Amino acid sequence: MENIHEIAPAEGKLGVLIVGLNGAVSTTFVAGVLNIVHGYGKAVGSLTQLATIRIGERNKNNFPFIKDFISLTAPKDLVIGGWDIRMGNCYDAAKEAQVLQDKDLDSVAKELESIESMRGVFDSYYVKRLKGTFIKDGKNKYELMNQIRQDIRDFKSQNHLGRVVVVWCASTEIYISQSEVHQSLQNFEKGMKENNIDIAPSMLYAYAAITEGIPFINGAPNLTTDIPALIEFSEKQGVPVAGKDFKTGQTLIKTVIAPMLKARMLGLNGWFSTNILGNRDGKVLDDPESFKTKEVSKLSVLDFILQPDLYPGLYAHYYHQVRINYYPPRGDNKEGWDNIDIFGWMGYPMQLKINFLCRDSILAAPIVLDLILFMDLAYRAGFNGTQDWLSFYFKSPMHTADVVPEHDLFIQLMKLKNTLRVMKGEIPISHLENEDQIVARDLDHMIA
Ligand SMILES: NC(=O)c1ccc[n+]([C@@H]2O[C@H](COP(=O)([O-])OP(=O)(O)OC[C@H]3O[C@@H](n4cnc5c(N)ncnc54)[C@H](O)[C@@H]3O)[C@@H](O)[C@H]2O)c1
């Protein structure tokens, strides 16, 4: 992390290129931003727009809004574009997605209609349940990647943009294990030219963005940038990358409840999580190979939080199951159930039941906004490679090799806010009284 206190100002417009522009999450995000900019809606769920940050000691009572504390691009300065594998504009796609009501789309219809997708890079080998009807043609993966680079350059020059962020909001690809081709940049570049099967389309978008010096966010659980080759490349190019898999519904709840159980040293016998979901994402995840990618992302959370190796008497033998069932009548309105079998004093059993009737894209849209603005901030601050401090937003956070990933939502929030404080030269908050004196005393002690 270089230039930690020197943050280039958020001048001018910020380009946003979304992969999967015509999807439910993307169109809910785009229509929401336009409504917010016009004052028709509120950015509920967004830290960058609504949250405050405490600065200094508690008795100073200094709680500025994050957006006033640190320089962030305003939503009105976002210029949005992107790719999809289905032709169309954001208005028609948002209508089809059936997340937002007509009134919330008609209020910004002209602007939504003007945002049309570019042809995507797609191969149904990686998403079995979809057919691409609006896709690029190329002799190999390297050539396809270069076409994405050209799209990025054209978008930048046509809109006179200095800065752009790319975000993957496209469908979940099949599960791919790390292989030789992912281990170095050299192997990866050779692999693109040889059409290596372990290089998925999402990796081509990521490579293209990094080559163009553009931050890349992965909102799905696909491997994408979470491979040595692309992490190494992002560090070399001075570009921040973040992922994987937006933390929205059931995992959001899980990463609040599990830390509570551990904090109170309550044991766990079993955690059964199931969902019904009827949107296109549900249809894609109905394919076992795409579901595997999501399942791995969802399952890892509990072990990291509960640390069964440290607490074998409480957590060594719990049974954890996650199911997603495609159920068309519900559309984007997911229903998630959690049955949690816990035990307390003397091993006596108890149960927790959670029924979350949520709206997937309504929970995801503010995360997309925050990540775009924070990744642009990270870029302007000179950060590169994996952005651990944004783990707050992800189910399966990418983390630097020697760092154990943090899943507890409130530790993640503290990490995020402390990073913002440090960026601005403020002391991180430890929630001790007389924080600055304690920090100063400890520093003296350490120096002595
Ligand atoms: N909504 C949530 O709460 C949530 C949470 C975590 C992760 N996600 C992930 O976000 C992604 C989007 O979810 P959604 O509900 O909007 O799904 P969706 O099916 O509505 O949208 C995905 C879009 O991506 C397009 N697409 C697929 N492959 C593409 C490619 N290679 N290039 C360009 N476009 C491509 C599809 O045509 C579709 O328009 C999914 O991977 C989902 O798993 C969503």
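**View 1. The parallel pairing of β7 with β8.** Strands β7 and β8 run parallel and are joined by 8 bridges, where two strands are said to pair if DSSP finds at least two bridges between them, and where strands (E, at least two residues) and helices (H or I, at least four residues) are DSSP runs numbered from the N terminus. Within this pair, leucine 277 stands opposite tyrosine 326 in β8. The model is a predicted one, in which local features need pLDDT of at least 70 and side-chain atom pairs count only at pLDDT 80 or more, whereas totals for chains, interfaces and linings use all residues. Residues are numbered from 1 along each chain as its sequence is written.

**View 2. The antiparallel pairing of β7 with β9.** Over 9 bridges, strand β7 (residues 267-277) pairs with strand β9 (residues 335-343) in the antiparallel sense. Glycine 270 has aspartate 341 in β9 as its bridge partner, and isoleucine 276 stands opposite glutamate 335 in β9. Strands of a sheet pair through backbone hydrogen bonds, in either the parallel or the antiparallel sense.

View 3. The order β8-β7-β9-β10 describes an open sheet of 4 strands, whose pairing is mixed. Because β8 (319-326) and β10 (349-357) stand at the edges, each with a single partner strand, one side of each is left without a neighbour in the sheet. Neighbouring strands of this sheet are turned by 10 degrees against each other on average, direction ignored, the axes being lines fitted to C-alpha atoms, for helices over the stretch in contact, with angles that run from 0 to 180 degrees between N-to-C directions. Helix α11 (residues 250-263) packs on the sheet, where the helix touches β7, β9 and β10, and its direction makes about 15 degrees with that of β9; two residues are in contact if their C-beta atoms, placed from the backbone, lie within 7 Å.

**View 4. The parallel open sheet.** In the order β3-β2-β1-β4-β5-β6-β11, 7 strands form an open sheet with parallel pairing. The edge positions belong to β3 (118-119) and β11 (385-386), each with a single partner strand, so one side of each is left without a neighbour in the sheet. Strand β6 (residues 240-242) and β11 run parallel and are joined by 2 bridges, and the bridge partner of proline 240 in β11 is glycine 385.

**View 5. Backbone geometry in two loops.** Most residues other than glycine have a negative phi, and most peptide bonds are trans. The peptide bond from glycine 243 to lysine 244, however, is cis, with omega near -10 degrees, and lysine 244 lies in the loop between β6 and α11. Threonine 224, a residue other than glycine, has a positive phi, near 45 degrees, and lies in the loop between β5 (216-218) and α10 (228-237).

**View 6. The contact between the two domains.** Domain 1 (14-246 + 361-423) and domain 2 (250-357) divide the chain, with bounds that come from an automatic or database domain assignment. The centres of the two domains, taken over C-alpha atoms, are separated by 26 Å. To the contact, domain 1 gives 25 residues and domain 2 gives 27 residues. The side of domain 1 that touches domain 2 has 10 nonpolar, 8 polar and 7 charged residues, where Ala, Val, Leu, Ile, Met, Phe, Trp, Tyr, Cys and Pro count as nonpolar, Asp, Glu, Lys and Arg as charged, and the others, Gly among them, as polar.

**View 7. The shell around the ligand.** The ligand is surrounded by 36 residues, of which the closest are Gly20, Gly23, Gly120, Ala220 and Arg280; a residue is counted as near a molecule or strand if its C-beta atom, placed from the backbone, lies within 6 Å of it. By class, the shell divides into 18 nonpolar, 12 polar and 6 charged residues. At least two residues of the shell come from each of α1 (24-37), β2 (78-84), α12 (280-285) and α15 (360-380), and α15 supplies the largest share, 4 residues. Both domain 1 and domain 2 give residues to the shell around the ligand, so the ligand lies between them.
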